[in-house]
Amino acid sequence: MGHGSFFWGIMHKLKVGIIGCGTIGGALGKWIKAKFKKMAVVAYLCDHHEEKAYSLKKKLGRTIRVVSLRELIRKADLIIEAASASVSREVVEFGLKHHKMLLIMSVGGLLDSDRWFKLACESRGRVWIPSGAIAGVDGISAARNTKIRRVKLITKKPPLGLMGAPYFQKKCFPRLHGKREVCVFRGSALDAVKAFPQNVNVAAILSLAGIGPRRTEVEIWTSLRYRVNEHEIYVEGDSGKIRTVTSNAPSPENAKTSYLAILSAVAVLKKIFSSIEIGT
Ligand SMILES: NC(=O)c1ccc[n+]([C@@H]2O[C@H](COP(=O)([O-])OP(=O)(O)OC[C@H]3O[C@@H](n4cnc5c(N)ncnc54)[C@H](O)[C@@H]3O)[C@@H](O)[C@H]2O)c1
């Protein structure tokens with residue numbers, strides 16, 4: 001099967017499978033139905049809470065089949081993973097073995113092994129990783145063609161966005177009052193995604209785009225005065241310096257998920273379905 005091509009898209013409607021029928025999976029399913037229906041159709045859904053898959057099926061179409069993860073990967077042409085870091089590596093590895101097109105949201109799950117890189121080189125499949133809730137990935141991809149000395153991410157989240165992370169099973173959540181800002185984590189992207197698997201997909205995206213998870217520095221801050229998630233990126237190298245800040249509105253369905261993360265996946269879908277690409 002050819003991949004990523006507009007021509008393939010007009011010859012056949014791509015059969016899309018969505019793994020994880022929550023905020024992002026649900027929103028992307030609705031986008032495909034509303035805006036990309038000439039090129040693609042959601043054909044398969046999977047969620048480890050089956051009722052979520054059936055509830056999304058009701059909104060997207062009666063002919064959709066709710067199937068197991070492996071059946072979905074075998075049968076769909078384009079697989080959207082929007083489930084969990086615990087499953088994204090399996091999706092990528094199994095999908096590449098079957099030469100599939102894969103759009104991955106739980107990027108943190110891809111950092112602790114590079115086996116999938118090797119698989120990707122041997123596969124006719126393709127992996128897309130949207131920029132998520134950060135800006136500047138295009139600049140970093142360009143800067144990477146020469147020496148990058150430093151990549152740093154400073155993430156600021158309201159306390160509710162961080163509570164429940166595995167990191168706070170061993171460490172106490174900081175005492176917050178007034179406008180006090182507290183740095184709760186300072187370390188590598190590799191350690192950050194283990195400590196905050198649901199929170200720092202952006203650290204994983206940045207690592208893969210730049211100098212890898214061991215060298216990418218991450219700070220996570222919280223404060224009662226933070227209202228939205230904010231990500232600041234700082235890159236320094238032979239091409240110069242890059243600094244971006246995104247202050248993210250929450251998605252309409254779920255305050256914990258940044259709207260820009262969903263929209264960046266929509267932008268990747270547009271790239272897949274279109275014959276024009278703007279930006280690096
Ligand atoms: N790349 C980014 O910029 C970015 C941004 C936000 C969230 N995310 C990640 O995307 C994923 C989805 O986020 P969301 O906001 O839609 O979360 P969500 O909780 O709203 O939805 C996740 C859905 O996946 C299902 N699920 C969880 N584990 C599963 C598994 N092993 N197999 C099948 N289904 C499973 C859940 O039941 C739920 O329905 C999360 O891993 C999240 O960390 C990525």
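## Strand pairing and the sheet

Lysine 15 has valine 41 in β2 as its bridge partner. The two strands concerned, β1 (residues 14-19) and β2 (residues 40-46), run parallel and are joined by six bridges, where strands (E, at least two residues) and helices (H or I, at least four) are DSSP runs numbered from the N terminus, and two strands pair if DSSP finds at least two bridges between them. The model is a predicted one, in which local features need pLDDT of at least 70 and side-chain atom pairs count only at pLDDT 80 or more, while totals for chains, interfaces and linings use all residues. Residues are numbered from 1 along each chain as its sequence is written.

Six strands form an open sheet with parallel pairing, in the order β3-β2-β1-β4-β5-β6. At its edges stand β3 (65-66) and β6 (126-128), each with a single partner strand, so one side of each is left without a neighbour in the sheet.

The protein is divided into domain 1 (6-132 + 260-273) and domain 2 (137-248), with bounds that come from an automatic or database domain assignment. Their C-alpha centres lie 26 Å apart, and the contact takes 10 residues from domain 1 and 14 residues from domain 2, contact being defined by C-beta atoms, placed from the backbone, within 7 Å. On the side of domain 1 that touches domain 2, the residues divide into six nonpolar, four polar and no charged (nonpolar: Ala, Val, Leu, Ile, Met, Phe, Trp, Tyr, Cys and Pro; charged: Asp, Glu, Lys and Arg; polar: the others, Gly among them).

The ligand is surrounded by 29 residues, the closest being Gly20, Gly22, Ser106, Gly132 and Ala261, with a C-beta atom, placed from the backbone, within 6 Å as the criterion. Elements giving two or more residues to this shell are α2 (23-35), α5 (85-97) and α11 (201-209).

Helix α12 (residues 259-273) has 15 residues and reaches 21 Å from its first C-alpha to its last, close to the 21 Å expected at 1.5 Å a residue, the expected span being 1.5 Å times one less than the number of residues. Among its buried residues are Leu260, Ala261 and Phe273 (buried: 20 or more other C-beta atoms within 10 Å of its own; exposed: 12 or fewer; partly exposed: in between; C-beta atoms are placed from the backbone).

Threonine 244, found in strand β11 (residues 240-248), is partly exposed, with 15 other C-beta atoms within 10 Å. Not counting residues up to four places away in sequence, threonine 244 touches Ile134, Ala135, Gly136 and Ile233.

Technical notes:
Two residues are in contact if their C-beta atoms, placed from the backbone, lie within 7 Å.
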